[in-house]
Amino acid sequence: MDLSYILNELGEERENYFNAISPPIMQTSNFAFKKVDDLRKAFEDEMAGYLYSRGINPTVDILRKKLAALDGAEDCLVFNSGAAAIFAGILANVKAGDHIVSVKAPYTWAQRMFDSILPRFNVSTTYIDGTDTANWKRTTKDNTTFYYLESPNSWDFALQDIKAIAALARSKNIVTMIDNSYCTPVYQRPIEMGMDMAMQTATKYIGGHSDTLGGVLSGSHAMIKKIFDSEYLNIGSGIQPFNAWLLIRGLRTLSARLDRISRSTRQVVQFMKQHPGVESVIFPLDESFPQYALAQQQMTGACGLFTFVLKTTKMESVARFCESLQHIMMAVSWGGHESLVMPKCSGIQPKDFDPGNREHRFVRMYVGLEDPEYLVADLEQALAKMS
Ligand SMILES: *Cc1c(COP(=O)(O)O)cnc(C)c1O
């Protein structure tokens, strides 16, 4: 399906709403019925029609059609956050006594679920270096039912060989889920590579303007129906109609924003690579990246997120660099219009800072929609103030 068709037309039945170009926000909690029989049918299968907006809502449906098509999936659900999508996708597919294999250092709230919530229900998790497919096989036990991937990882950008891991999982009846937030389905298509579920935060590139949260979980009809009937309705964290409308609006420019951002990012990466204040740059589509070949094989592009390692021995220098930026802001998240930095040392106590540990000198940068020259100038003056 054409990307342009998905973003501009798919799911939009304009003749039903005065041929308005922009779809209506169906800000309603419930839907009325004329016949008892129809109401009974709606109770029997809440996913099949409009009953109550915790389940299905027309504005959200437009978004679902577009996002499922974008993923090349049969269906999808849209949640109020990426974290909720992760929660539902995992919870729906594990039971007491099960074992999960996950990439090490997955997204914070996936890890929190594995470490704090699931052990209460006797579900255990083994973290592995997912870059070596043999590790997945080696740590799989008789009770392993779930593989959790995140490729690239959003800090060190470690990749997994998605096709190989999907094939391994299929041969052992293991359910697979991948966090595809970094690439979005525009640059990487995990469902087509054999993953059972693809998750992405819609807060980042789908919304694109740092003004709403959302999360997407795509998969087969059967998988999505299973999750809808239980976790989705129970957690009650389906996206609200207004936020769904913001995401539909974000989708209009998704391709244009990604084009611009991926080009600017290469320019900013090139600048940082040659700067004497920078030890190295970690970016999956740079030749220096250890898994560059795999990145080229399974990704058709990279987004605006990369990490650089500052050349310094002092935490104060990392702080001085970040605090000297005039335009690039310091904040969590990414995927919006605005460029951001996030120093890894903000997550550790100052007394624990170890310059020998290069991770402590990581600064993750997100390149937004500004002119790349504007960003480079800001980085250059802040690097000059570092030492
Ligand atoms: C932000 C993010 C999420 C979670 O999304 P929210 O919408 O913030 O809940 C998941 N995975 C990755 C890689 C992210 O960057």
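Is Lys95 buried or exposed? In this predicted model, Lys95 counts as exposed, since its relative accessibility is 52% and the term applies to values over 50%. The salt-bridge partner of Lys95 is Asp98, and the closest N and O atoms of the pair are 3.0 Å apart. Asp98, by contrast, is buried, with a relative accessible area of 5%. Salt bridges with shared partners also join Glu12, Arg14, Lys66 and Arg252 into one network.

Side chains of opposite charge can pair when their charged atoms come close. In total, the count comes to 18 salt bridges in the model. One of these is formed by the side chains of Asp45 and Lys225, with a distance of 3.1 Å from N to O. Asp45 is partly exposed, at 27% relative accessibility. Lys225 is likewise partly exposed, with a relative accessible area of 28%.

A further salt bridge links Arg64 with Asp61, and here the closest N and O atoms are 3.0 Å apart. Both residues are in helix H3; because they are three residues apart, about one helical turn separates them. Arg64 is buried, with a relative accessible area of 10%, and Asp61 also counts as buried, at 14% relative accessibility.

The backbone was examined next. Phe18 has a positive phi of about 60°, although Phe18 is not a glycine. This residue is found in the loop between helix H1 (3–8) and helix H2 (36–44). The relative accessible area of Phe18 is 82%, so the residue is exposed. A positive phi, near 60°, is also present at Thr184, another residue other than glycine. Thr184 is placed in helix H8 (residues 184–187). With a relative accessible area of 1%, Thr184 is buried. Thus a positive phi occurs at Phe18 and at Thr184, while Phe18 is exposed and Thr184 is buried.

A cis peptide bond was also identified, joining Ser151 and Pro152 with an omega of about -10°. Pro152 is located in the loop between strand E4 (144–150) and helix H7 (162–171).

How values were computed:
Residues numbered from 1 in each chain as written. Predicted model: local features only at pLDDT ≥ 70, side-chain atom pairs only at ≥ 80, totals over all residues. Heavy atoms only, no water. Helix = DSSP H or I, 4+ residues; strand = E, 2+ residues; numbered from the N terminus. Buried < 20%, exposed > 50% of the residue type's maximum accessible area, 1.4 Å probe, protein only. Salt bridge = Lys/Arg side-chain N within 4 Å of Asp/Glu carboxyl O.
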